[in-house]
Amino acid sequence: MKQVVHAACPHDCPDACGVLITVEDGRATKIQGDPEHPVTRGFLCAKVAKYLDRVYSPERVLYPMRRVAPKGPVAGQRSCAPHDRVEDPVPHEQSPRAQTWRRISWAEALDEIASRFRAITCEFGSEAILPYSFGGTIAALNGASMDRRFFHRLGASQLDRAICSAAGEAGLESVLGVKLGTEPEQFPHAKYIIAWASNIHANNVHLWPFITEARRKGAKLVVIDPYRTRTAACADWYLPINPGTDAALALGMMHVIIGENLYDADYVAKYTLGFEQLREKVKEYPPERVAKWTGIAADDIRKLAREYATVRPSVIRLNYGVQRSERGGMATRTIVMLPCVIGSWKEIGGGLQMSTSGGAAFKTEALKRPDLMQAALGREARTINMVELGRVLNTLNDPPVKALFVYNSNPAAVAPRHNEVVRGLLRPDLFTVVHEQFFTDTTDYADIVLPATTFFEHKDLQKAYGHYYVQVSNQAIAPLGECRPNVEVFRALAERMGFEENCFRESVDEMIDLALDSEDPWMDGISRERLELGQVRLNFAASGSRLQASAAELRSARPGQRPGPTQSTQPESTQAKPFLPFAQGNFRTPSGKAELYSEAVKALGLDPVADFTPPSESRHGNKQNALPLELLARKSDNFLNSTFSNLPSVQEMEEPGLLEISAADARARGIADGDKVRVFNLRGDIVLKARVDGRVQAGVVSARLNWAKMTPGFQSINALTSEKLADMGNSATFYSVLVEVELSKPSP
């Protein structure tokens, strides 16, 4: 029998695509975008379009496995799985993987994990156990629900999940008080669009058609980025900027806007706090001074500021590259001030989008149950920053980390200071469990590997950080092999540990209902039954208005199947009305205004208005013993962090192992295009192939993240990055890295 199931992509992307999965006789045979989704509109990114290759990959982990060989990567492991995992689930006995792993039952795996956790707790205390997860799925249940309940009740160390976006979120909220922004549907109304550190064409692809529509109507697209991305190549005006100098540019723009009276005096007076302090601050940043930092000509800074302030509506799409710098929180804060100063929040097609995730107010505390820590410890557990995993595994005491449970993440690939992370993971006294879909860099150091489902194989609840629609992702197929979702793994572990709280017995539907039982008026009328039919926009209408699907609609379609042609889960009037979050103020700061002066920022020891301080690892930083090149440790366009890196059909869209370098820097080092080069600093080194292609400016080099096991010598670009934390949010500083490059010497 053939059916079409509605789902939602849960990967760490702002778009949260509506997806239709065709299932025939229990097997998924087609994936396509949902044409009824108002934002993602029926198409998928190139990697998710190939998702059947992921679900049915012969490389899937389908059964619990126990290590029977020393920890560490083994040459030849990455592609030795048999092609028919159901018929022949165990690798050939002579294969490297068969010599490393032995298949065990779920009962054996759960018993061993529970036994080791009890023993560690008895000897070292429960905080010697550390969970490690992030954005492998960002859906509500399998991203952060039963797992949090389990580790809270266990009394394990808590994880500060700050590796990706925390600095930017803190900077955004320091001005706005909440993660809200311009909805994608308004971008066609814009006349001036700035993509600031935002590679929309590659990493936010469903916004691109809205921008294309705006440009057909005469809008201008400006791209500000230190790397000439696919988006920059399409721009009307590309402004390459020196890494880590974005705050200086924003301050220079406001110097011009305020100095030439191009700001919105009425909006500023009504809805901002600290404008006079900002007026004084920006006097310190004339374009000529800013040009020396940013590498952008003073006349171009003036032109950019004037056009942004006067060609209206103007909108900024700000992405997270800015905040992966030592001063990334302040840089974000300063850029977010711009639409407040010119008053573009009032306009359809104006404002700024960085994250919209503050819109859907799920009952996350009810899902996570942090109160359960009291039952285990009588207090909150200690918190460990995931950015510092290398240091934590190697030096932390009182207690040391003796067990690591990894899920929704691949720290051996994505964590900074790769060499230190690997050194810690190799500890023989560290008990490591990894719940995964594939044998990743991190499973190379695991004692137990548990098989994980894809989103085809479980049900979940999904919001977005790039639009305002909520979705239920319905289960399309039965789990392959013995794969289990996070929810069921931690439910089973809770039972093994003897945890008796009722929350460990809640069904998936009960948990979805609980998450949606929010007092926030924007969640009014959004129920699981409606979401099972398709996406629903947040209820930005009057709080008393409940938008319910009719009983006939709910009866006529089974969960996960599309409603009939005359049915709709979203009233047309709600779809059409633009959402302007700050048109009349309504900022969620302590003052209720956009805080251009912030006491909270002052309490961090930072300038309460804004400033520019160069990153210590940069061309403008500490010159003593400094290396000459700034490294952009970029994400690949067609992978998602480390996800999809292992799939041949996706690998074909990338050319891994490159170091992009300017012609001037290559010539000065005797390097030609295609040469093998050694990239190094005091933290490590890596051998790559030089690509002299004009995508980076002089003084900047760029390389892309990949799995270490996919490279000769098991090398990672993160061998070069540091654990230094950003100024806000304790986030990672992947883009504040200095290196040197030389021709690679042949091995003796």
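**View 1. The salt bridge between Glu482 and Arg103.** The side chains of Glu482 and Arg103 form a salt bridge with an N to O distance of 3.3 Å, where a salt bridge is a side-chain nitrogen of Lys or Arg within 4 Å of a carboxyl oxygen of Asp or Glu. Glu482 belongs to the loop between β19 (469-473) and α20 (486-496), whereas Arg103 belongs to strand β5 (residues 101-103), so the pair ties together parts that are 379 residues apart in sequence. Helices (H or I, at least four residues) and strands (E, at least two) are DSSP runs, numbered from the N terminus. Glu482 is partly exposed at 27% relative accessible area, and Arg103 is partly exposed at 32%; buried means under 20% relative accessible area, exposed over 50%, and partly exposed in between (1.4 Å probe, protein chains only). This is a predicted model, in which local features need pLDDT of at least 70 and side-chain atom pairs count only at pLDDT 80 or more, while totals for chains, interfaces and linings use all residues. Residues are numbered from 1 along each chain as its sequence is written, and side-chain values use heavy atoms, with hydrogens and water left out.

View 2. In helix α10 (residues 265-271), Asp266 and Lys270 are four residues apart, which means about one helical turn between them, and their side chains meet in a salt bridge (3.6 Å, N to O). In helix α11 (residues 275-282), Arg279 and Glu276 are three residues apart, again separated by about one helical turn, and their side chains form a salt bridge at 3.1 Å, N to O. Arg279 is partly exposed at 22%, and Glu276 is partly exposed at 48%.

**View 3. Phe150 in the largest nonpolar core.** A nonpolar core is a set of buried Ala, Val, Leu, Ile, Met, Phe, Trp, Tyr and Cys residues joined through side-chain atoms within 4.5 Å. Of the 125 residues in the largest such core, Phe150, Trp196 and Leu461 touch the most other members, and the largest share of this core, ten residues, comes from helix α9 (residues 246-259). Leaving aside residues up to four places away in sequence, Phe150 touches Phe117, Phe490, Leu493, Ala494, Met497, Phe499 and Phe504, with contact meaning heavy atoms within 4.5 Å.

**View 4. The buried face of helix α21.** Val508, Met511, Ile512, Ala515 and Leu516 are buried in helix α21 (residues 508-516). Seen down the axis of α21, these buried residues fall within an arc of 135°, so they line one face of the helix; the arc is that of the directions from the helix axis to the C-beta atoms.
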